[in-house]
Amino acid sequence: MTSPRILTRRGFLHHSAALGLGTALATLTDIPFVMQRALAEGGIGKPGPDGRVKKVLFLFLRGANDGINAVIPTGDSAYNTTTRPTLHVPPDPGVDWRTRGPAHFPVAGPNTGTYLRPDGTQLGALALGNQFATLHPSLKFLAPVYNAGHLALLHRVGYPRQSRSHFDSQNYWETGSPRDDLIKDGIFYRAMVESGLTGSNALTGVSFQSSLPLLLRGSKAAMTNISDTSRYNLLGVPNTAAGNLKADRFLAEANRIAAPDRKSREFLNLQYANVARTLETFASINFNQEFLDNEATDGDLPYNLFPTSNNTNGGYAARGNNAAKYVVPTNSYDFFRQLRAAALVLNKTDALVAGTQIDGWDTHSSQGTLNGSHPDLLRRVGWAIYGLRKYFLQNPDQCRWDDLIVVTLSEFGRTTFENDDNGTDHAEASVMFVAGGSIKGYQPGGRSGVFGCSPSDPLPWQTGTAGSMFQTENRYLKRTYDYRSVLGRIFRNHLGSTPEQLQRIIPGYARPADALLAGGIQTADGVRIQAEPDLI
Amino acid sequence: MNPSQSRSPRWSATAILLLLLTPVLRAAETASPDATGIRIQSGRPLLEFQPVPSALSYSILGGPSLTQPLAPLPGTLQGFLWTGSDVIGPDSGFFQVQAQSIPTNDIAVVNLLNRLAYGPTPDELERARQMGPDAWIQEQLAPEGIAEDLDTPEPSTEGWRKVTFTGTGSASTLYIYLDGPGDVYLDGLRLVLGASDDGTRPNLLRNGDFETALGSEWVRSPNVSTSARTTDPVKSGAVALHLIDTTGGTTRASSLYQTITPSLSSSQTYTLTYWYYTTASDRNLTLRLSGRGIDSVERLDGRVRGIGTHASDLLNGVGSVTQLRSWHLLRAVESRRQLNEVLRQFFENHFVTEYTKTRDYLDGIGYPNAVAGLPAAQTEFIENRRWQQALLNPGVTFLDLLRISAESPAMIVYLDTVSSRGDRRSDGTYRVANENYARELCELFCFGVDNGYDQEDIVQLSRVWTGWSVELRAPGQEGNPFAPRSTTYKDPSVVTNRNALTNLVGTWSLWYRNTRHDPRSKYIFYNRNPNGSPITSSPRRVPARFGPPWAGRAYGLALTAGGNGTNTLAEGYSVLSHMANQPFTQEFIVVKLCRLFVHDDFQTGYDFTDDVTSPEEELVKAAMLAWENPPGGGPKGQLRHVLRVILDSPTFRSTLASQHKVRSPLEFAVAAVRAFRTQSAEGIPTAVTDGVGLQTMLNRAGRMRLFDRADPDGYPETGPAWISAGTLVERLRFAQAFALRPTLRPGNELDARTSCDPVNLLRTKRPSALSNAGDAADYLLDLLFPAEGPANLAPYRELAIQFLDTADNGITPSPYASLGVGSTAHDQRLRGLVAFLLTTARFQEQ
């Protein structure tokens, strides 16, 4: 017996060339699954010195979040009722925003609406203790996370030659490669490939939404999207245990039949394998479990961490069906179901990255000042991050709060000027929220958790009508951070990628012209940015 | 190179690859069988290879040296592993895999049915194979020549619905009742032994046709005592029954019932069929056996829910979005103008709008919340009908379709033009127009992203659309963009709130409000000074990469101030005419059409002037040239010429296209229904849907909510966007539920009206397949995986036969041939096979 030449499969060469990726990555996906992990470099998916595996939960705020209305530059004189006649949020008098210290967290108590002062009037923008920025009151539940030092608020985040098309710009965030339309796979997908676990773990990257986002899309390894956890089982032929077995067996055998080289087949095979693996994993998780806070954070009762009905939404049921006691809008239950599923999967399985999205941020008209569409969206984000922290602190299993980073993404910010429809249009830089137990956030008497929203930043926030909010094309907020620097920091310092891996996850990460690592002028459009933020 | 090879120099087996194809097939360059392994076992050669597309047969040639011709070698083929019969010596030898393809026309026909239609039906597959691809294309490219009246409301005399329900003989009394006061007409009641009713088995019910006076066989409880025989309407024979229920019933004491003699057996399967006709009762009709072994419940909502009724309701503003989707899905299943349906869906998705946004807008301007969806569905229906009609015009151009989209209230509301103003304020400044429509007109509807425009063009363009609003127009005034609101009243006698929107007859259409228009000059696609102002003498020019005849052409559009009053409406139309035929638009639309018809890997941005070229680039360019210079003259952008170039290309007709695309949820669900849909000898369709069950599936398998896409880029055309473990699970569940109906356990998620009857299909098309497992496998594999080629289907065939010959436990042998036709076991075995085949990776491909 002899072992002659085995021809290399054309499909492999074709695909790896089309991806434009480094040879190392292409090689890794083409070798047997069992070998991949052994050959993978770096620490993604590997237990660290503390024996823990680090994970990431992402939230994509689709439609472009108005960063100026989230982390508000109250100290900028140009943030006023001329630029924003109806959308301007005045500072809350409860704690002076000019005072140094923790974030202002106004507790409602049992008899007051969640987002109201005890006298029933509306809350204003909440001091963040950096003597410049404030938090939109709809984000008030971020204050306890901030004050624990577990939250970084990054302002003025963007990328060179910002596209103001939702689709382009979302793509660039998701591929980690601005202005490069040739890269077709997602930034988290590539990070998962680098882990070497995509063939052996039942789950690596998982999304909980209508379809797999580009963040997790790629043709060489199957990431999973689940639109509804309750439907994750199969019917049989007939629908009995034996019938299911027969169906499973024949389906598996049929899908093993070799097919001619087809553009879609390799991807389909990966996803079928993923179906089989995840069916088994999911059977062991109760996705409907409820999780109660261990403290009465808002001065009322302990609230449900993942509100999925009116009765589990803040103090609504406990206070006589009082709608003012909701913590989140009543149309956000699907989102919190998805968020809970993402949290459970990170905590109960070997998944490394999970996430979902919140739609509806494209607030061209009737954006809402203290109530309305944008405040409602902010309430989701505020309570989501609050709830995630408490969930992982109270229920650590495969993932502790210290092992997790929660990060938000959004394609761009919105115009400094309010438009004629009481809304804002597509613009440039915006805000990222990054939370987790190992974040280098606020310290009493020490550092602030606000990055990029202060006149004392290395690249200061410049105030006035010629200031930061007008420095791109005279109408948009100018960036001082590149989103890739933020994500790069997370990939390296949290997930544990090597510099070489980071180069492949975020193409050209170390390229001096992009200044992502050390800061400096980005040559694509000549804008100076700050170095990787020291947030973890 | 290979250490083991170098250590055994006497033996250097090599696989040499060669593919022999019929002379007309053009796929040779891309499809040659790769040998993936060759070894010697017990002296015999074993050769493993990757299949090639559409293989009719494989054979292995060999010989000791290349200087002599290779000769066919005896051996056996197991899947794609060949074992030679002859022991060969330890000397060098050469092997060659040869594949012969099925005829090219058979490949082309299947590509046509998968891309220009929503998959083959049993009849259409036969018909298209017989016609050949050219005649079929010719027919579908001229849909106006295909007779069809699906959108005509069903005449009331044809408004009978047939219901079939299979179950067990739990007891021998059949009850019939409504769940409240109401009435319904019944005719043709039959109850037979077996899992289906082909009309040949004896009817176990007496006087099920009500042709004789109601005697003791039918007992009328008090609540149905006024029920009587009638001669109008009638389904069969001369008489039907008019069931009148005064209170509603639940059991024997409150129903029309019959005690069946001789008694039914609880271990046997029976099939109940009946026809009903209803006019107005909003009730549930129940026909059931005591013990509910058979338990048929039908919702009577006063309408026959056919395509025609949906169309008429939608046109009249009383149809819901669910009806709109059913209309669309039923047309996809049933229409003979399949290409017209595929193209309409393509353009509906290209010029995407969101039903919910229109509904919310109408809700906000005065419609009660509960009914705001009706005019919103109407606007979606009307734009679709306009596209449908436009596509029947032999000279239809892209501009025609673009205009329909621009004028549609659904679009005007969707991209915020409805509230966009550019008129002068009292302080002398101008209002800032909303950029939304202008941006998507460039990025998504015409030029494609980053293709020939920039942000300043969008700002300039946005001012063109100021003043485009919507208004409710009286009948006959829909085409007049200046007409006032309808004053035709549904109820003229109403005094208070006479002008409420719900009391006005009309349809929403374009309203041009010139007082909101920005009257200043617009310079679109012009070079600009550093301060952003246009250089009016310097229009931009088409980039060099387009090559002749396009490169270097000026494509600036100047709309100079001076227009006033209502004539500024013309600015919008000038923009549409200007943009519709620019090379950027030609390229973007052609690329999208190629992705729809050929495969996913077409791009915009080819350099048409360099030496690097590909079949894809060449096809795009050829189609763009047909757009630019239509053969036979006439306006640019005539779609049929563009399509003709794509459909006649070797790339489309060959294995370069076939099976390379993944079905979208829409294509998957509709293809499943179509695959099993023929008419049995008795005129009964062998697969049915009312559209609603498909909508549920589309939503679950990727949130494909037709007519209600939130993002303006439309639903994706490419496969990976649709396929993940979660969406795949939904496809598998749908396929299983669809195939296993009606024997699936109660609580089934799928609408009862989306199901198939494979037994009846085989009885109609291939009776021998009812008892011969090989015939069943052959028929179903050819139907579901056509053009795969018999040699590639061989492993599937083996598996399918094994499935049919194995009991439900998956282990015990249980020959298909010995299951009695008509028995539950037989029906279920075949349904199991169908579910199995529909859940494979192969059926996801088209």
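Which residue takes a positive phi in the hairpin of S22(B) and S23(B)? B:Gly532 does, with a phi near 95°, and five residues lie between the two strands. This is a predicted model in which local features need pLDDT of at least 70 and side-chain atom pairs count only at pLDDT 80 or more, while totals for chains, interfaces and linings use all residues. Residues are numbered from 1 along each chain as its sequence is written, and chains are lettered from A and ligands numbered from 1 in the order in which they are written.

**Confidence**
- Chain A has a mean pLDDT (the predictor's confidence in each residue, from 0 to 100) of 89, and 90% of its residues reach 70 or more.
- Residues 1-34 of chain A have pLDDT below 50, yet this stretch has 57 contacts in the model beyond near neighbours in sequence; two residues are in contact if their C-beta atoms, placed from the backbone, lie within 7 Å.
- Where pLDDT is low, predicted coordinates should not be read in detail.

- Helices (H or I, at least four residues) and strands (E, at least two) are DSSP runs numbered from the N terminus, and two strands pair if DSSP finds at least two bridges between them.
- Strands S22 (residues 526-528) and S23 (residues 534-539) of chain B pair in the antiparallel sense over two bridges; B:Pro534 in S23(B) is the bridge partner of B:Arg528.
- B:Thr536 belongs to strand S23 of chain B and touches B:Tyr523, B:Tyr526 and B:Ala558, not counting residues up to four places away in sequence.

**Five-stranded sheet**
- In chain B, an open sheet of five strands with antiparallel pairing has the order S9-S16-S11-S14-S13.
- Its edge strands, S9 (161-168) and S13 (228-230) of chain B, each pair on one side only.
- Strands S11 (residues 182-193) and S16 (residues 269-277) of chain B run antiparallel and are joined by seven bridges, with B:Leu272 in S16(B) as the bridge partner of B:Leu191.

**Helix H7(B)**
- Helix H7 (residues 338-350) of chain B has 13 residues and reaches 18 Å from first C-alpha to last, close to the 18 Å expected at 1.5 Å a residue; the expected span is 1.5 Å times one less than the number of residues.
- Because 12 of its 13 residues are buried, H7(B) is largely enclosed by the rest of the structure.
- Among the elements covering the buried residues of H7(B) are helix H4 (133-141), helix H6 (321-334) and helix H15 (583-597) of chain B.

How values were computed
Buried ≥ 20, exposed ≤ 12 C-beta atoms within 10 Å, placed from the backbone.
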